[in-house]
Amino acid sequence: MSIEARIKELGIELPPAPPKGGIYKPVVIVGTMAYVSGHGPYLADGTMSKGRVGSDLTLAQGQAAARACGLAILATCKNELGSLDRIKRVVKSLGMVNSAPDFYDHPKVINGYSELFAQVFGADHGIGARSAVGMGPLPGNIAVEIEVIFELV
Amino acid sequence: MSIEARIKELGIELPPAPPKGGIYKPVVIVGTMAYVSGHGPYLADGTMSKGRVGSDLTLAQGQAAARACGLAILATCKNELGSLDRIKRVVKSLGMVNSAPDFYDHPKVINGYSELFAQVFGADHGIGARSAVGMGPLPGNIAVEIEVIFELV
Amino acid sequence: MSIEARIKELGIELPPAPPKGGIYKPVVIVGTMAYVSGHGPYLADGTMSKGRVGSDLTLAQGQAAARACGLAILATCKNELGSLDRIKRVVKSLGMVNSAPDFYDHPKVINGYSELFAQVFGADHGIGARSAVGMGPLPGNIAVEIEVIFELV
């Protein structure tokens, strides 16, 4: 099944492609590698999920924000690549959590994103190498920011 | 116009290539991809711009520090590659801002670097994928650190 | 001398390959590039070195933790690649230090990792491009996390 068909089957609704927040390109392609800029949890209504996970936000809210980063990345890639079917697999992600000083479950937060990509791209091609860490603050106090490298077909 | 000629025309003065601050190579080339180590805001007098943006430093000072990171990267690449004309385009940058806890304008800070590269390499090839985030502290309390992947000619 | 033989000669004992802490692959290979997920200081007894460097831990303890990250990466790569002799060289590392707010010697911390790789892979191939910065907190309050890109033979 194609990626586009799987997204429909899963009932996943993509937000609009997020507007750029600075001087950068959303995606740069070199050969078959697509470098995707850091994406925040851009929601369908144009707002972003904000706050520090572990104090302002619960783990579950952080996971939802990480999933929203993934949806925003998909929206950007559909816009930039024409079709998500051009994506072969997830290579490497950096998951950045806007973290309370004593919150340590960043991998669980970023799993909200990784579960989405495993559903969309499949359990082999949808799961890549990853680092998931706390840092911050993040731009606009967003809860999570994720950048990714895809391999294209 | 060549990159080297454009730098002259723009009146840009590069600092000396910064000394290494640890066990690493300034640039590693694999095929046509050049991986450049994180660079701080190394100034022509051998000092570094220091402090947290949003408390010790203003946004404008942070932007100047980000631009200085870019100039230091250019100095390193000229030294390592022989000529900046070997660089085809900016692929991906990670802009790390030494941030006050309540400062959220990291993309604006890193624009100081991205504007420089857009001038030097042109509005298409000079603008790449990017993440621009707060973290820290940074080594030696420097204000900004930036790493980049270039594609070579 | 092969990498495997050099490790024996140096008397280096690898820990078991660390268990995964989330939804990711330890290593993803694209062509001759191996993207290795972020690794913590996983010790032979299955525990991790924890705490902030500069307050909970000394510089020397931080360096030992960075070396432990390198050993864990070697254990993972031996497991995933079959043999470390498939690794040609270190391309790019990101060294993330769980840092006290006023600790600034992150490059010295990450040198504990870079010295190990220089010994194991040699002074040319074992030293790559690098960024070494403070951030945090890190998952499970581990002291250091390091991700790396290797070029394979």
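Copies are superposed by least squares on the C-alpha atoms of residues with pLDDT of at least 70 in both. On this basis, in what is a predicted model, chain B is brought onto chain A by a rotation of 120° with 0.0 Å of shift along the axis, and the RMSD is 0.0 Å. This is the relation of a three-fold axis. Within chain B, the residue whose C-alpha atom comes closest to the rotation axis is B:Met135, at 3.0 Å. Chain C is likewise superposed on chain B by a rotation of 120° with 0.0 Å of shift along its axis (RMSD 0.0 Å). For chain C, the closest approach to the rotation axis is that of C:Met135, whose C-alpha atom lies at 3.1 Å.

In chain B, five strands make up an open sheet of mixed pairing, in the order 1-2-5-3-4. From one strand to the next, the twist averages 15°. Strand 3 of chain B pairs with strand 5 (residues 144-152) of chain B in the antiparallel sense, over nine bridges. In strand 5 of chain B, B:Val144 is the residue opposite B:Val97.

Two helices of chain B lie across this sheet. Helix 2 of chain B lies across strand 1, strand 2 (33-39), strand 3 and strand 5 of chain B, and runs at about 40° to strand 5 of chain B. The length of helix 2 (residues 59-81) of chain B was compared with expectation: at 1.5 Å a residue, its 23 residues should span 33 Å, and the end C-alpha atoms are 32 Å apart, which agrees. The residue that follows helix 2 of chain B is B:Gly82, with a positive phi near 90°. Helix 3 of chain B lies across strand 3, strand 4 and strand 5 of chain B, at about 160° to strand 3 of chain B.

In chain C, an open sheet of five strands has the order 1-2-5-3-4, with mixed pairing. At its edges stand strand 1 (27-30) and strand 4 of chain C, each with a single partner strand, so one side of each is left without a neighbour in the sheet. Strand 3 and strand 5 (residues 144-152) of chain C run antiparallel and are joined by nine bridges. C:Gly95 stands opposite C:Ile146, a residue of strand 5 of chain C. Helix 2 (residues 59-81) of chain C packs on the sheet, where it touches strand 1, strand 2 (33-39), strand 3 and strand 5 of chain C, and its direction makes about 40° with that of strand 5 of chain C. Helix 3 of chain C lies across strand 3, strand 4 and strand 5 of chain C, running at about 160° to strand 3 of chain C.

The contacts between chains were then examined. The contact between chains B and A takes 23 residues from chain B and 22 residues from chain A. On the side of chain B that touches chain A, strand 3 (87-98), helix 3 (106-121) and strand 4 (129-135) of chain B each give two or more residues. By class, this side of chain B has 12 nonpolar, seven polar and four charged residues. Only 4% of the interface residues of chain B are also interface residues in chain A, so the copies meet through different surfaces.

The contact between chains C and B takes 23 residues from chain C and 22 residues from chain B. At least two residues each of the side of chain C that touches chain B come from strand 3 (87-98), helix 3 (106-121) and strand 4 (129-135) of chain C. That side of chain C comprises 12 nonpolar, seven polar and four charged residues. Only 4% of the interface residues of chain C are also interface residues in chain B, so here too the copies meet through different surfaces.

Two residues of chain A illustrate local surroundings. A:Ala132, in strand 4 (residues 129-135) of chain A, is buried, with 30 other C-beta atoms within 10 Å. Beyond its neighbours within four places in sequence, A:Ala132 is in contact with A:Gly95, A:His106, A:Pro107, A:Ile110, C:Gly22 and C:Pro139. A:His39 lies in strand 2 (residues 33-39) of chain A and counts as buried, with 28 C-beta neighbours inside 10 Å. Outside four places in sequence, the contacts of A:His39 include A:Pro18, A:Cys69, A:Ile73 and A:Glu145.

Note on methods:
Residues numbered from 1 in each chain as written. Chains lettered and ligands numbered in written order. Predicted model: local features only at pLDDT ≥ 70, side-chain atom pairs only at ≥ 80, totals over all residues. Helix = DSSP H or I, 4+ residues; strand = E, 2+ residues; numbered from the N terminus. Expected span 1.5 Å × (residues − 1). Contact = placed C-beta atoms within 7 Å. Buried ≥ 20, exposed ≤ 12 C-beta atoms within 10 Å, placed from the backbone. Nonpolar A, V, L, I, M, F, W, Y, C, P; charged D, E, K, R; others polar. Pairing = 2+ DSSP bridges. Axes fitted to C-alpha atoms, helices over the stretch in contact; angles between N-to-C directions.
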